[in-house]
Amino acid sequence: MKYIIIVGDGMADYPVKELGGKTPLQRARKPAVDSLARKGEMGMVRTVPVGMAPGSDTANLSVIGYDPQKYYTGRSPFEAAGMGVRLQPGDVSFRCNLVTLSSEAAYAGRTMLDYCAGEIPTAEGGELIEALRARLKTAGINFYAGISYRHLMVWTGGPKPAECRLTPPHDISGRKIEPYLPAGGGAALLRDLMEQSAAVLPRHPVNRRRLAGGLKPANSIWLWGEGTAPRLPLFREKYGLQGSVISAVDLLKGIALYAGLKPIEVAGATGDIHTDYGAKTRAALHALREGDDFVYLHIEAPDECAHRFEIENKVRAIELIDEKVVAPLLAGLEQTSEPFSILFLPDHATPLALRTHTADPVPFLIYRNRDVKTHPPRPYDEETAAAAGLYIDEGCKLMDYFLDY
């Protein structure tokens, strides 16, 4: 049996006025997914445990089969692993976004204009992080370049993560930053590093070129997602399967490494709506043909569109997943004689109205080619999945259900 999980990050949503009261999943044209809904089973799953912050970290950890309440130690340690940064005892890592703030003289009086600095290209982001590294690195502080706006800071001997009070920048788009500046453990140094970055970055040639070209400057860093290195049991020991993870984001690559899964690098995978969906699909099929039992295929695009309140782009991202991932993946699998199972779901909801994540249960769809159902025509969406009556309250148990344990 081959097992494939396809995650459309943040696909789930609330009804949207501009979409005629439909959710993006209801509005999107997705014939391949809807055909599986007629031949498979649907239900709802709570991927974020009650009381935990909703995010791609906790949600994907849960979907892969690990209880976040037991294994989660913060977001950035997974991203560090995905970037090849090995955390040592005493290291505390922080996600380091390149952001666009307004230009008031007082740093605390500025507004979060863009949590991703106009989706700054990786090469430009890397130049800016290297400039900060040259200026701000100390014996205990270091910076590491990642992808686009997503970077890393490591503080050796830093504060206990539980004592930090930090806010994801995508939660405060369009708001004054003062109420959300670092508080709690290590706050003074973290705020100082952010303010120093705002003095260095605007003068950098990268930002001068961006401004001249009408693009948003990456004029500050924003520190959040604090954590220490986790310890996870290996996926192959937990489930008896050898597998891979395909994603454009370091977070998922890091979860893969800690779980003993193989992260597959795909040229053209960007983490936004312009990602190379076809290349990801071909990589998944190749991994399965080369002997993997399990592939976790993650697509970030719907989540990014929701954070940016790009209504039509979120709908389009779902349509592209159907057209360029689900349909060709299904066709490729059906060319073999092997049995296979597909799990299709969001990791969490990212409602356009809120522009951030929620802990709402999300719809899932399971299709097994050796156990085809005969439901009447029905779409895959939040409403239909909820009406199906199947509910899994602990997201980490969905993997057991999917693998038929």
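A: Let's start with a definition: accessible areas come from the Shrake-Rupley method with a 1.4 Å probe, and for residues only the protein chains shown count as cover. By that method the protein has an accessible surface of about 15700 Å², and 50% of this belongs to carbon and sulfur atoms.

Please keep in mind that this is a predicted model, in which local features need pLDDT of at least 70 and side-chain atom pairs count only at pLDDT 80 or more, while totals for chains, interfaces and linings use all residues. Residues are numbered from 1 along each chain as its sequence is written, and side-chain values use heavy atoms, with hydrogens and water left out.

Now for the setting. The protein holds 15 helices and 15 strands; helices (H or I, at least four residues) and strands (E, at least two) are DSSP runs, numbered from the N terminus. Its C-alpha trace spans about 65 × 45 × 35 Å along the principal axes. Of the 405 residues, 60% are buried, where buried means under 20% relative accessible area, exposed over 50%, and partly exposed in between (1.4 Å probe, protein chains only). Among contacts with a separation of 6 or more, 74% join residues 24 or more positions apart; a contact means heavy atoms within 4.5 Å.

The helix to zoom in on is H11, residues 277-289. From its first C-alpha to its last, H11 reaches 19 Å over 13 residues, close to the 18 Å expected at 1.5 Å a residue. That expected span is 1.5 Å times one less than the number of residues.

How many of the 13 residues of H11 are buried? The count is 10, so H11 is mostly covered, because buried means under 20% relative accessible area. Among them are Tyr277, Lys280 and Thr281, along with Ala283, Leu285 and Leu288.

What do these buried residues pack against? Their partners include four strands by name: E1 (2-8), E10 (243-246), E11 (262-264) and E12 (294-299). Helix H12 (301-307) and helix H13 (311-334) are partners too.

Finally, here is something to look for elsewhere in the chain. Most residues other than glycine have a negative phi. Ala117, however, has a positive phi of about 50 degrees; you will find Ala117 in the loop between strand E4 (112-114) and helix H6 (122-136). At 0% relative accessibility, Ala117 counts as buried. Ser148 also has a positive phi, near 55 degrees, and sits in the loop between strand E5 (141-147) and strand E6 (150-156). With a relative accessible area of 8%, Ser148 is buried.
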